[in-house]
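Subject: Structure handover

Hello,

Here is the structure I said I would pass on. Please open it alongside this email; my notes follow below it.

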Amino acid sequence: MQKSRRLLTLLFLLGGWDSFAPGGPPAGITPDFDKVIAPLLANRCLTCHEGPQAKGKLDLSRRAKVLSGGRSGPALVAGKPAESLLWQLIDKNKMPPKHALPAAERALIKSWIAAGAAWGTDPIDAMRFTTETRAGYDWWSLQPVKPQAIPAVKNEAWPINAIDRFILARLESKGLSPSDAADRRTLIRRLSLDLTGLVPTPSEVEAFVNDPAANAYERLVDRLLASPHYGERWARHWLDVVRFGESHGFEHDELRGNAWPYRDWVIDSFNRDMPYDEFARLQLAGDVLRPANPAGAIATGFLVAGAYDSVGQRQQSVVMRTVVRQDELEDMLGTIGQTFLGLTVHCARCHDHKFDPVRLTDYYRLTAALAGVRHGERDVTPPPDRQTLAQKRDVHLRIAEIRKTLAAQEKRLRDLIQAERRPGKPKVNVPMPIAGWDFEKGLADGIGKLDAKLHGDAHRDADGLRLTGKTGYAATPPLPWPLKTRTLAVRVTLANLEQRGGAPMSLQTLDGNVFDAIVFGEQQRGHWLAGSNFFERTRPFSGPIETQKKPVYFAIVYAEDGAITAYRNGEVYGKPYRATGPVRFDEGKAQVVFGLRHAPAAPGKLLAGKIHRAMLFDRALSATQVAALAGVSFIGDEEIVARMSPAERDHKRQLLDEVNRLEATLAPQAKKLAYAVTPSSPEAAHVLLRGSPTQKGPVVAAGAIAAVAGTNADFGLAADAPEGPRRVKLASWLTDANNPLFPRVIVNRLWHYHFGVGLVDTPNDVGFNGGRPSHPELLDWLAAELTGRGFRLKEIHRLIVTSAAYRQSSRFRGDAARLDAGNRLLWRRSPMRLEAEAVRDAMLRVAGKLNPAMGGPGYQDFKLFVRGATHYYTPIDEDRHDLQRRTVYRTWARSGRSRLLDTLDCPDPSTVTPARAVTTTPLQALALLNNSFVLRMTEHFAARLKNDAGDDVDQQISRAYALAFNRTPLAEELAAARAVVRGHGLFVLCRAIFNSNEFMYID
């Protein structure tokens, strides 16, 4: 490696040194400063002697600084090497301190000083030159993608397409030859697992093996690329790279119930073969580029797919919140840089990148481009077309007409019953609340010690607790007892009916992370709902819209079985529903707040109006009890129906059936949310000296990395430019047709997944610390092909998998391995172990239990418990159809681990994973032998064999091999398996198959 770096340096410098003898330039010839001296100083000296932190305060990058010198005085006396401190230290081998300069370089420095020390470009840009310790602007991956001539080869019979010629030319140069082609059974298994992640069925294998067409293989490739399972397979690879998870991580690890739309968008984009440049642009700025299309907003889930420090975001210290925000921006920039550019951009947060030409200023220009990006949920409900709107309007009119008819009928009967009750009104036994507040009299809790305290601009008078909706609310001390089943009841007057998201009453944990609240107008304008953290226990009640700005008595009842029922003025509001819960609020860790949905207080959470009275019960009140609290005599539906004639009852039933049918037609229009970018006004972006928020440098405008050749890193935006254009400019710069990194990185990534290692073996780093391309010309040829073919990834897939290089046998060859042990020259197709998800999917498919459902919310192989604000994910393994979907549809909670997947090297979703680890451990063997999922699939596999093959043991074994290995057993295998089945049963054979290398590996 060291020799190769020196070679790069010498090659670059050759243009200036090629006429010089080893002892230095001939007498009378002055070394060219920019071509010779500046690169030499950059390579040998500027690591220590540049900028305000230069050692000895000697800055050798600027002429004036060299002449003025550092602590020891002037470093240079033009024309007099012997009097120049710089030369004295070099001549005595004191500088550079670790390795003395070679004689030729010493001679160059001396000749330059003797000739007058003429200076060139000032200052010397240390990043301009690639040296032994860092990359410069001339680094290979930063250079434009150049057209590549397809090389000539000796063996003209082997290549199928241009890829093979690049591969074969390298093999022949090393005295190697490629391997023979794999047989058809191997090829279809390889292709199916590679392109779709699924084991082919026996019928698919036989059809391909017996297909006489000359283009049978190419047609197989096209079929698999067109399969919807292709998107599932390759989306999983992408989700690894973008650190996709469905919970926040950090201390509380709250579940993100609406992160899955991004996963589905990625799958759909791959299946539709969306051009890769468009795919990238939408993930950075889809909501701005396609504001009318919900998919644009969903695509931005990429930016917020990582962990989110919900605790850090709410810290009291402004400095600490700023640090957390900078960490969040670093996560986004690090992912963007590694995913699309193959550069570790985030390493320039505190100082200029030590190994790649990325400056501190570049980093903060990029943070300015993302300064308005925030985590959150967005409404991505598809907009209805005109016909749908007209139909919806007609449905609503008909429902309103029916409800008006029913209401008139019920009012007549209710009035009749009420009139009969007045002489002897029945008494209702209402339990004592555990806390109660009459705000028209004061802030005290009339039952216990939960006296309310005012915050912000809230104040109280004879009309009650007055709230402006700006900063005011009231809060109680912590509850002295735990609370689970409960009833919240409040009498409130709204200041306006257009407000959205305030709550007259809420029960919350002290930090506000978990809450249940009576909320007005948050999801639907003018409607009441049961608010909860991340809408976990929230569904629309579908009650009537609020039309009056006068006192309303509203109550929500949370029952033991999770049922949530709302009441307005004593009558059921809309439809009750059942949620997961109720949540338990622990002793001393919860409080009641009035006028605020949940802490911390912020616009959109605060109520405008007056709260008159409120009560909290530690039980679920009945409808009769809630009605009594509201001051009305509750009349149940059963009592009203009993007063109807048979004809009236039939008519009511018909009308209600019609309402249910009509409402069912409206269900697809229900609100859809997605975890995505929720943009806000960008904060000013400063260069932070040493990355510290307390050391703010100059304000910077949005921009990019100047070192990327062929692109303009200046976005032409003002420092206070709006949020949207910043991300649009970033997306345009990133996908610019002249950006050499963008196509190189993705074609290398595709190669990595097809062959197990990329042409550059570090898919996320093509900078100085990354690998060097094994076939640089092929990498550029593929990058040019991608650009020329409209950035269609399936075109590159097709080129790769139809090549002779891909179709090679994986048979080991000792002669080739001695020359190329790592198979970097591709003299065979290296065997590849299935990753954890593919192993699980293969077991499900072979056992006949794979649930083919695609899309939608993921299955949850855990039970969720919430204590305080922290979410705990306890793994479960049950034999349920909904838990047997492909593993890409698993809900990927960051602390919701899976014993089987983790053991098989499934990565933590909190981290970027460009290449899966492949380990071999005793735990893996134990998991494949004893994990409950594996044992259950083994049982299903055995049952399937009996069902498919009957009682014939040989037929059962043959069927097992066809399903799991896509081949027939050899004679000796059949005999051995027969003995196992007869002696120990089918279960043992199936268990052995799931534990075999042939099942676990591609090839």
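Where in the chain is the place of Phe-534? Phe-534 sits in the loop between β10 (528-532) and β11 (552-558). Please keep in mind that this is a predicted model.

Backbone points

Phe-534 is not a glycine, yet it has a positive phi of about 55°. With a relative accessibility of 30%, Phe-534 counts as partly exposed, because partly exposed covers the range between under 20% (buried) and over 50% (exposed).

Lys-57 is also not a glycine and has a positive phi of about 55°. Lys-57 belongs to the loop between α2 (33-44) and α3 (63-68). Its relative accessible area is 56%, so Lys-57 is exposed.

There are also cis peptide bonds to look at. One runs from Met-95 to Pro-96, with omega near -10°. Pro-96 is in the loop between α4 (85-91) and α5 (103-114). Another cis bond runs from Ala-599 to Pro-600, with omega near -5°. Pro-600 is in the loop between β15 (590-594) and β16 (608-617).

The chain as a whole

The protein chain contains 32 helices and 23 strands. Its C-alpha trace spans about 125 × 85 × 55 Å along the principal axes. Of the 1003 residues in the chain, 54% are buried. If you take the contacts between residues at least 6 apart in sequence, 68% of them join residues at least 24 apart.

Asp-352 is a residue to look at here. Asp-352 lies in the loop between α14 (318-341) and α15 (360-369). Its relative accessibility is 33%, so Asp-352 counts as partly exposed. Leaving aside neighbours within four places in sequence, Asp-352 is in contact with Met-127, Val-358, Arg-359 and Leu-360.

Nonpolar cores

Which residues touch the most other members of the largest nonpolar core? They are Ile-705, Trp-751 and Phe-941, in a core of 169 residues. Helix α21 (residues 741-755) supplies the largest share of this core, with nine residues. When neighbours within four places in sequence are left aside, the contacts of Ile-705 are Leu-341, Leu-343, Val-345, Pro-357, Val-358, Asp-362, Leu-366, Ala-713 and Trp-733.

Helix α25

Helix α25 (residues 836-846) is mostly covered, with 10 of its 11 residues buried. Among the buried residues are Glu-837, Arg-840 and Asp-841, along with Ala-836, Met-843 and Leu-844. Just after α25 comes Gly-848, which takes a positive phi of about 75°.

Two packed helices are described by the angle between their axes and the distance between the axes. Helix α7 (residues 184-195) gives you a pair of examples to work through.

How do α7 and helix α10 (residues 228-241) pack? Their axes are 7 Å apart, at an angle of about 65°. Angles of 65 to 115 degrees count as roughly perpendicular, so α7 is roughly perpendicular to α10. On the α7 side the contact is made by Leu-193, Asp-194 and Leu-195, and on the α10 side by His-229, Tyr-230, Arg-233 and Trp-234. Sorted by class, that contact has four nonpolar, one polar and two charged residues.

The other partner is helix α8 (residues 202-209), whose axis comes within 9 Å of that of α7 and crosses it at roughly 130°. That angle makes α7 oblique to α8. The crossing of α7 and α8 is right-handed. Here Arg-184, Arg-185 and Ile-188 of α7 meet Glu-204, Val-205, Glu-206, Phe-208 and Val-209 of α8. The residues of this contact divide into four nonpolar, no polar and four charged.

Regards

Key:
Residues numbered from 1 in each chain as written. Predicted model: local features only at pLDDT ≥ 70, side-chain atom pairs only at ≥ 80, totals over all residues. Heavy atoms only, no water. Axes fitted to C-alpha atoms, helices over the stretch in contact; angles between N-to-C directions. Helix = DSSP H or I, 4+ residues; strand = E, 2+ residues; numbered from the N terminus. Parallel < 35°, antiparallel > 145°, perpendicular 65-115°, else oblique. Contact = heavy atoms within 4.5 Å. Nonpolar A, V, L, I, M, F, W, Y, C, P; charged D, E, K, R; others polar. Left-handed = near helix turned anticlockwise from the far one by under 90°. Core = buried A, V, L, I, M, F, W, Y, C linked by side-chain atoms within 4.5 Å. Buried < 20%, exposed > 50% of the residue type's maximum accessible area, 1.4 Å probe, protein only.
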